[in-house]
Amino acid sequence: MWITAGIIRRASSEEQVKMKEPKDIINRRRFLRGCIRGGFLAGLAGLTGGVTGRAKSQNTVWQIDPEICIACGNCATHCVLEESAVKCVHAYAMCGYCDLCTGYLMPEAKQLDTGAENELCPNGAIKRTFVEDPYYEYTIDESLCIGCGKCVKGCNAFGNGSLFLQVRHDRCLNCNECSIAAACPSGAFKRVDISEPYIPKKVGHA
Amino acid sequence: MKKNFGTLNVRILSFGVIAVALVTAVVALLRLDYIGEKGSGLGKEFIYDIESLTKIDPELLIYQESGGAISTGFTQSSAIAAQKNSPGRFYVAGDSAVKIFSEQGEMLDRINLETPPGCLAVGNDGLIYVGLKEHVEIFNGQSNRLARWPGLGAQAVLTSIAVYKENVFVADAGNRVVVRYDKAGNIVNYIGTKDEEKGIQGFVVPSPYFDLAVAGDGLLRVVNPGRHRIEAYTFNGDLEFWWGKASAHIEGFCGCCNPVNFAILDDDSFITCEKGLKRVKLYDADGVFVGVVAGPEQLTGAGQARICDLPAQCRAGGFDVAVNTEGRVLVLDTIENTVRVFNRIKTR
């Protein structure tokens, strides 16, 4: 039977002959059948992918490769959590312990001190502690850090790059489809083996 | 003839589907944000913006680039040197070699090294002094190695060499000290170690940039990068004076630790080179700011003033500088691994 303009009628002998016409002619029934087949195959592929992804995600976790990260700020805004699972961390072995720390102080800071107007982090998440002249230690208060990467940019641009972003696994939900990974412009967000869930920065100099 | 309105041509249908897929793919590619330019949606207080600091007042630009950039052929260049007794040529260290170029950019000779070099200098006698990670090697004009001095220890990171009469000064960023050698490779004394009685606070070297040179007045000039100044020492290690201040503005040295490198002109004025905000500037013999050789826009090319995106780019951003006999400034771009030549065009 054919469905034509909503009227169901039996195929005429002439139309039955047409059904045997060359394969490059397609009718609505054949097209519909193709669509159903295609949909079934796509569903099957999706199901397989989902099962594979779930199995894979049980052995891997999301992490940021600090050598590829450009600190764009997407980590702060794209995480499904209200407070992002991404935080700034500090590789102390790389830090210069500078008085004029460009990850801590505004580029045109009036004073090299802890005054809020001089601090780069809008949330005051970096703490500065005097060690000895002229060295200071910088620590991150993760409860205040939103993972915006502003300090990371400042540290990279002028300093040694000892501040960098990492996914904190006590917070991360390890979603199959991570919203931050989808929004990451540099491809720094990737899955790593669960046995090595962090990517520490390496010391590049003395 | 009866028409069949319920059929479609497979070829036309396939062509249509492929065309739509192609257009979609192209649009998707064009809309990709590879470097995060579209922004994260964060407020401006969360954005690190130093673009305004990259702008240089055109009145301050007293040099102009001449010719095109000269490719060194290195994948990782580290230092540049020129020598008054060898006019018309300059030396570049990088990868595991030193290359000698004519000023037109033609490579004249090459010295192969066992490990990557950190610094180099050329003596009046034409000998080439190369600082590798923790020791010095000396080569003659025929690329033969004449000497290999003992290393300064695993902690040493040699970043600069200067040869003056019978003295060779080596800056060791790892140990934050200047080592004075005689020409036979014997250590004569150390310069810059913390000494409260002498009023020496010690060198602050947060990153592996620690340059030195001997000025025409016979005093050794050493950058104290963490204190943003250039200090003058006698060869015996007495601190005479210093100049320089920390500031993101053009008169000062920006960031945590600058200048990274410098060179001294015949009139004892200084060409300084900063990282972060890449700026090459001229100071007179007393350290008074005179003008700009090149700012971020001139050094990064095509009117751009990007600081750096990837950490590796940031780390490679410490350009080196040398001056030749005609007073031209040679800037080694350690990111593009090219040499750019700047001529003075006006006085201030």
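## Basis and confidence

Residues are numbered from 1 along each chain as its sequence is written, while chains are lettered from A and ligands numbered from 1 in the order in which they are written. Because the model is predicted, local features need pLDDT of at least 70 and side-chain atom pairs count only at pLDDT 80 or more, whereas totals for chains, interfaces and linings use all residues.

The predictor gives the complex an ipTM of 0.82 and a pTM of 0.81.

## Chain A

Chain A holds 5 helices and 9 strands, taken as DSSP runs (H or I, at least four residues, for helices; E, at least two, for strands) and numbered from the N terminus. Read from the N terminus on, its elements follow the order β-β-α-β-α-β-α-β-β-β-α-β-α-β.

Of the 206 residues in chain A, 32% are buried, a term that requires 20 or more other C-beta atoms within 10 Å of the residue's own, with C-beta atoms placed from the backbone.

## The side of chain B that touches chain A

In the interface, 46 residues of chain B are in contact with 41 residues of chain A, contact meaning that the C-beta atoms of two residues, placed from the backbone, lie within 7 Å. Strand E1 (7-9), helix H1 (10-31) and helix H4 (311-315) of chain B are the elements that each give two or more residues to this side, and H4(B) gives the most, with 4 residues.

Note on methods:
Buried ≥ 20, exposed ≤ 12 C-beta atoms within 10 Å, placed from the backbone.
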